[in-house]
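Dear colleague,

Please find below the structure that I am handing over to you. My findings follow directly after it.

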Amino acid sequence: MRKVFYLTSVFILFSFCGIAQTSNPNLGIIPAPKSISIQPGQFVFGKDYAILFENAEDQKIALLFQEYLKTVYSLDLLVAKNFIKAPAGIIRFSSAGYKGQHPEGYSLTVTPNQIDVNGKGAGLFYGLQTLLQLFPVQKGAELKINGVIIEDEPRYQYRGMHLDVGRHMFPVTFIKKYIDLLAQYKLNTFHWHLTEDQGWRIEIKKYPKLAQIGGSRDQTLIGHFHDRFPQRFDNTPYEGFYTQEEVKEVVAYATSKYVTVIPEIEMPGHSVAALAAYPELACGDKPGPFKVAEKWGIFPDIYCAGKEQTFNFLQDVLDEVMALFPSTYIHIGGDEAPKTNWKMCKYCQKRIRDNKLKNEHGLQSYFIHRIEKYLNSKGRQIIGWDEILQGGLAPNATVMSWQGIEGGIAAAKQKHKAIMTPGSKVYFDHYQGNPVQEPLAIHGLSTLESVYNYNPTPEDLPLDVQKYIIGVQANVWTEYMKTPAHVEYMVLPRLYSLSEIAWTAPDRKNLKEFKEERVPRHLALLDQSAETMYRVPTAIGAKDTTMLGAEFTLTYKSPVEGAKIYYTIDGYPPRETEYVYEKPIQISVPADDQRVLKTVVVTPSGKRSATTTTILSNALPLPAIETNASNPGLKHYYVPGYFASTAEVDTLKATERGISTVINLTKFRNKSRTYGLILEGYIQIEEDGIYAFTTSSDDGSQLWIDGALVVDNDGRHTSFELTGATNLLKGLHKIQIRYFQAGGQSDLRVFMAQPGKTRTEIPTRLLLN
């Protein structure tokens with residue numbers, strides 16, 4: 001990528017080509033505008049055209065546009081406030097021309113002779129971003145834009161992305177690139193998580209050991225936290241922090257892109273790195289020594305809330321932080337702070353007695369109140385994770401709701417501002433697809449579609465409560481992201497969905513049009529940049545499932561413009577040497593046979609999607625089995641040990657045998673962190689038909705009916721669902737469910753459904769032995 005792009009690197013993803021003119025209603029724009037009206041005619045750029053501005057703020061945007069045209073199209077247009085001779089065509093950037101009321105709103109009008117971009121400050125900048133998305137795709141093609149009128153403004157005032165640099169940190173050049181992404185998609189807040197148990201990443205001049213000692217750990221955990229015990233480490237020191245000059249550079253850069261940087265300084269928990277540098281801040285008379293954490297999790301060692309020294313230290317730190325960050329908000333964490341040490345600390349207990357606090361939760365509330373009061377005295381406000389609700393919310397605090405939506409709702413009902421960032425919806429450290437085919441992640445599943453479908457403001461809340469939900473944010477925790485490329489992979493393309501739910505009103509959203517028309521174009525632009533990584537979605541229309549029948553027509557669409565879909569029908573992995581999808585695939589399957597269709601997407605740059613597997617089955621209906629089985633429940637076999645697949649679980653090695661009347665792990669959760677489980681018996685089918693079965697499991701699972709594998713959700717992974725289907729006649733059928741648990745979270749649920757009927761977990765009454 002040419003160095004010049006960092007002069008105007010908000011164009012980093014539009015620097016080779018723009019969005020194609022299409023018939024789709026939003027003209028490829030992400031996020032979708034509030035209103036868009038296509039007009040007759042086209043604006044065709046010419047060398048004798050000029051760019052007009054009205055004031056210094058407008059001039060800044062005009063110069064960005066000039067640099068873009070010069071860099072990408074070798075078109076050097078005059079930029080001026082006034083013209084002696086009127087040019088043949090004008091691109092006007094105007095603050096005065098904006099008639100709307102929203103501070104981040106803009107209007108964009110394209111006619112055959114003029115382009116008008118109107119807005120004030122950030123609004124004018126966002127209007128430029130939309131203008132760039134209207135440019136033609138073909139490099140070297142005539143530069144022209146269709147006529148259009150756009151009126152636009154954001155849904156939420158707070159539109160954020162978070163990045164954790166405590167676990168793994170990234171160079172300033174990447175931080176700037178990250179900010180570019182936010183700005184390009186009209187996100188206005190960068191939440192920079194700077195301190196953690198595993199590393200203190202910001203220079204504090206009054207306390208140099210925070211960076212010198214707290215910024216370095218001796219080694220780092222290898223693989224996933226739950227992969228093995230004892231855990232393994234890389235035996236390699238990991239160190240680094242951002243100097244105050246680097247922080248100033250990032251903040252200034254973000255400001256130039258209308259992005260506010262909010263720093264997070266964790267307290268009272270997630271403070272082991274700080275305690276390693278200054279152990280006297282912990283509970284007790286002679287605390288420590290402490291060591292910067294080398295693995296992930298929640299640690300009991302937190303700041304002592306009973307010592308005045310703690311508050312003096314934190315106020316000093318915050319003074320230096322506030323000098324670096326002009327943001328109104330300072331994020332103080334407040335999450336995952338175990339109270340074990342506070343319960344045993346004479347200083348903390350004295351603080352509780354002296355202030356007539358109810359308990360340690362009340363002490364945390366005292367802690368947060370005191371920090372808030374100090375920041376308020378400096379003209380700042382606090383944001384904290386939803387644990388700051390415990391013991392009573394500080395008077396002016398804004399709550400970031402991460403454990404679900406309940407914390408945000410509770411804050412809003414108390415007339416406190418809330419930002420929705422629930423882990424189940426917008427955590428970009430979660431998997432994007434089948435974990436077996438994805439880079440290592442912490443757990444969970446968060447897809448492009450699930451993010452897009454999330455509504456941060458619950459519709460059932462009263463309007464006077466809804467107004468306190470001021471925005472939405474996605475979080476990127478980096479325990480398992482060691483490189484910038486990994487961060488990019490986890491962020492893109494989910495950031496597109498975040499952009500739209502943060503900016504666009506719900507009635508303007510359309511998942512099908514977003515996923516099939518706009519996202520493929522933006523991913524094609526990303527694919528042009530060799531320096532940007534992203535996740536290639538699987539082919540649109542392809543799915544890991546089983547389909548029953550004799551004749552099949554499979555219709556797919558590329559998720560990236562210009563990418564090819566390769567497929568096989570013999571079950572072997574698809575490669576570039578195999579069939580290329582060009583038209584709907586017609587497949588005939590003989591009676592009592594099947595075909596295994598696999599697809600993969602390969603982009604022009606060579607990036608590949610995960611492989612999808614669709615079983616096309618023409619199996620004959622399976623007859624019922626004659627048996628005297630009548631006892632309720634399934635036989636279970638519990639097999640202790642460490643397994644990597646369900647095939648390794650041997651019932652002959654079971655240490656416990658019994659009957660389970662329901663399919664779940666309730667009775668096995670406290671036995672061991674690694675084990676295998678076999679459930680087998682019969683399932684009562686109450687009418688002939690095609691039945692879909694789904695297993696949701698963490699880790700691997702398989703479901704067999706009458707000796708045939710119906711659902712293959714095997715392998716080590718976090719909770720993930722897979723579905724299969726089979727044709728069953730009325731009566732009893734053998735069922736076997738195989739499962740193994742390899743540590744960490746545990747989950748096993750099995751669902752069934754007939755076509756057109758609601759999916760339910762298999763009813764207890766249908767399970768017999």
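In which helix is Arg521 found? The model is a predicted one, and in it Arg521 belongs to helix 17, which covers residues 511-527. Arg521 counts as buried because its relative accessibility is 12%, under the 20% cut-off for burial. Its side chain makes a polar contact with the side chain of Glu561, at 2.9 Å.

Lys70 is part of helix 1 (residues 56-73). With a relative accessible area of 36%, Lys70 is partly exposed. When residues up to four places away in sequence are not counted, Lys70 touches Leu75 and Asp76.

Lys307 sits in the loop that runs between helix 6 (272-277) and helix 7 (308-324). Lys307 is buried but has no salt bridge. The nearest side chain of opposite charge belongs to Asp285, 6.2 Å away, whereas a salt bridge requires the atoms to be within 4 Å. A polar atom of the Lys307 side chain does lie 3.0 Å from the backbone oxygen of Glu280. Not counting residues up to four places away in sequence, the residues that Lys307 touches are Glu280, Ala282, Cys283, Gly284, Pro287, Tyr347 and Arg351.

Helix 2 takes in residues 122-133. Twelve of its twelve residues are buried, so helix 2 is largely enclosed by the rest of the structure. Among these buried residues are Leu124, Phe125, Tyr126, Gln129 and Gln133. At 1.5 Å a residue, helix 2 should span 16 Å, and the 17 Å between its end C-alpha atoms agrees with this.

In helix 11 (residues 406-413), the buried residues are Gly407, Gly408, Ile409, Ala411 and Ala412. Just after helix 11 comes Lys415, which takes a positive phi of about 65°.

The nonpolar interior is the next topic. In soluble globular proteins, nonpolar side chains tend to be buried together. The largest nonpolar core in this model has 174 residues. Those with the most contacts inside this core are Phe45, Phe65, Leu69, Phe93, Met161 and Trp192. Leaving aside its neighbours within four places in sequence, Phe45 is in contact with Phe65, Leu69, Leu75, Leu77, Ile91, Ile115, Phe135, Leu143 and Ile145.

Side chains of opposite charge can pair when their charged atoms come close. The count of salt bridges comes to 34. In one of them, the side chains of Lys34 and Glu153 meet at 3.4 Å, N to O. This pair links distant parts of the chain, 119 residues apart: Lys34 is in the segment before strand 1 (35-44), and Glu153 is in the loop between strand 7 (144-152) and strand 8 (158-164). Lys34 counts as partly exposed at 49% relative accessibility, and Glu153 counts as partly exposed at 27%.

Lys177 forms a salt bridge with Glu488, with 2.8 Å between the closest N and O atoms. Because Lys177 lies in helix 3 (residues 172-184) and Glu488 in helix 15 (residues 484-491), the pair ties together parts that are 311 residues apart in sequence. Both Lys177 and Glu488 are buried.

A further salt bridge joins Glu686 to Arg765, whose closest N and O atoms are 2.5 Å apart. Here too the pair links distant parts of the chain, 79 residues apart: Glu686 is in the loop between strand 29 (674-685) and strand 30 (689-698), and Arg765 is in the loop between strand 36 (760-761) and strand 37 (767-768). Glu686 counts as partly exposed, at 45% relative accessibility, while Arg765 counts as exposed, at 56%. Elsewhere, salt bridges that share partners join Asp164, Arg167, Glu196 and Glu479 into one network.

With kind regards

Definitions and conventions
Residues are numbered from 1 along each chain as its sequence is written. This is a predicted model: local features need pLDDT of at least 70, side-chain atom pairs count only at pLDDT 80 or more; totals for chains, interfaces and linings use all residues. Side-chain values use heavy atoms; hydrogens and water are left out. Helices (H or I, at least four residues) and strands (E, at least two) are DSSP runs, numbered from the N terminus. The expected span of a helix is 1.5 Å times one less than its number of residues. Buried means under 20% relative accessible area, exposed over 50%, partly exposed in between (1.4 Å probe, protein chains only). A nonpolar core is a set of buried Ala, Val, Leu, Ile, Met, Phe, Trp, Tyr and Cys residues joined through side-chain atoms within 4.5 Å. Contact means heavy atoms within 4.5 Å. Lys and Arg count as positive and Asp and Glu as negative; His and the chain ends are not counted. A polar contact is a pair of N or O atoms within 3.5 Å; within protein, one must be able to donate a hydrogen and the other to accept it, and residues adjacent in sequence count only if both atoms are side-chain atoms.
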